[in-house]
Amino acid sequence: MVSDITHIKETCLYVSDLSRTKDFYQDLLGFELINFTPGRHVFLRAGSSVLLCFDPVATKAETQLPPHFAEGHQHLAFEVPQDRYETSKDEIISKGIEIIFEQQWSEGLYSFYFLDPDEHVLEIVPAGLWD
């Protein structure tokens, strides 16, 4: 590993409907919109990280950047402070988003899983889970 790398700056998902994705992540999860280009991408900020959501048909045909795309259900985990874990779960439920699973980890911490509109598996984890 390159020793100067400190964290993953951006992560991407490939989605079927960019407007629906923008609405989900911006309106329901509260991510800050960075850029929305219909037919190509929506970029959102989550804390110090960036979530890039692409139309895979458009990015597979890239000529300026390296072509990239994916299919199937992908997984992302978002971290919250430990004392906000239950509140975050309540907020997700209050927005009509179904919690599909909750896991107890060996450290005595829990995480919960839910789906985005493309059925990507999202997870909320408390700070300290992987420390």
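**A guided look at the model**

Visitor: Why is K9 called partly exposed?
Guide: Its relative accessible area is 48%. Buried means under 20%, exposed means over 50%, and partly exposed is what lies in between, using a 1.4 Å probe and protein chains only. So 48% puts K9 in the partly exposed class.

Visitor: What should I know about the model itself?
Guide: This is a predicted model, where local features need pLDDT of at least 70 and side-chain atom pairs count only at pLDDT 80 or more, while totals for chains, interfaces and linings use all residues. Residues are numbered from 1 along each chain as its sequence is written, and side-chain values use heavy atoms, with hydrogens and water left out.

Visitor: Where does K9 sit, and what does K9 touch?
Guide: K9 lies in the segment before β1 (10-14). Leaving aside neighbours within four places in sequence, K9 is in contact with S48, S49 and V50; contact means heavy atoms within 4.5 Å. K9 and S49 are 40 residues apart in sequence, yet their C-alpha atoms are 5.2 Å apart in space.

Visitor: How do you know which part of α1 faces inward?
Guide: In helix α1 (residues 18-28), the buried residues are L18, T21, K22, F24 and Y25. Seen down the axis of α1, they fall within an arc of 165 degrees, so they line one face of the helix. The arc is taken from the directions that run from the helix axis to the C-beta atoms.

Visitor: What makes D17 and S19 a polar contact?
Guide: At the start of α1, a side-chain oxygen of D17 comes within 3.2 Å of the backbone nitrogen of S19. A polar contact is a pair of N or O atoms within 3.5 Å; within protein, one must be able to donate a hydrogen and the other to accept it, and residues adjacent in sequence count only if both atoms are side-chain atoms. Just past the other end of α1, G30 takes a positive phi of about 80 degrees.

Visitor: How do you know that β2 and β3 pair?
Guide: Two strands pair if DSSP finds at least two bridges between them. Strands β2 (residues 32-37) and β3 (residues 41-46) run antiparallel and are joined by five bridges, so they pass that test. T37 has H41 in β3 as its bridge partner. The hairpin of β2 and β3 has three residues between the strands, and G39 there takes a positive phi near 85 degrees.

Visitor: What makes β1 and β2 edge strands?
Guide: They belong to an open sheet of four strands ordered β1-β4-β3-β2, with mixed pairing. β1 and β2 each have a single partner strand, so one side of each is left without a neighbour in the sheet.

Visitor: Why is H120 called buried?
Guide: H120 has 1% relative accessibility, so H120 counts as buried. H120 is found in the loop between β7 and β8. A polar atom of the H120 side chain lies 3.0 Å from the backbone nitrogen of Q74.

Visitor: And what makes V80 buried?
Guide: V80 is at 13% relative accessibility, so V80 counts as buried too. V80 is in strand β5. Not counting residues up to four places away, V80 touches Y85, S88, I124, V125, P126 and A127.

Visitor: How do you know whether the chain's radius of gyration agrees with that of a compact globule?
Guide: With 131 residues, a compact globule would come out near 14 Å, and the protein chain has 16 Å, which agrees. The radius is taken over C-alpha atoms, and the globule rule is 2.2 Å times the number of residues to the power 0.38.

Conventions. Helices (H or I, at least four residues) and strands (E, at least two) are DSSP runs, numbered from the N terminus.
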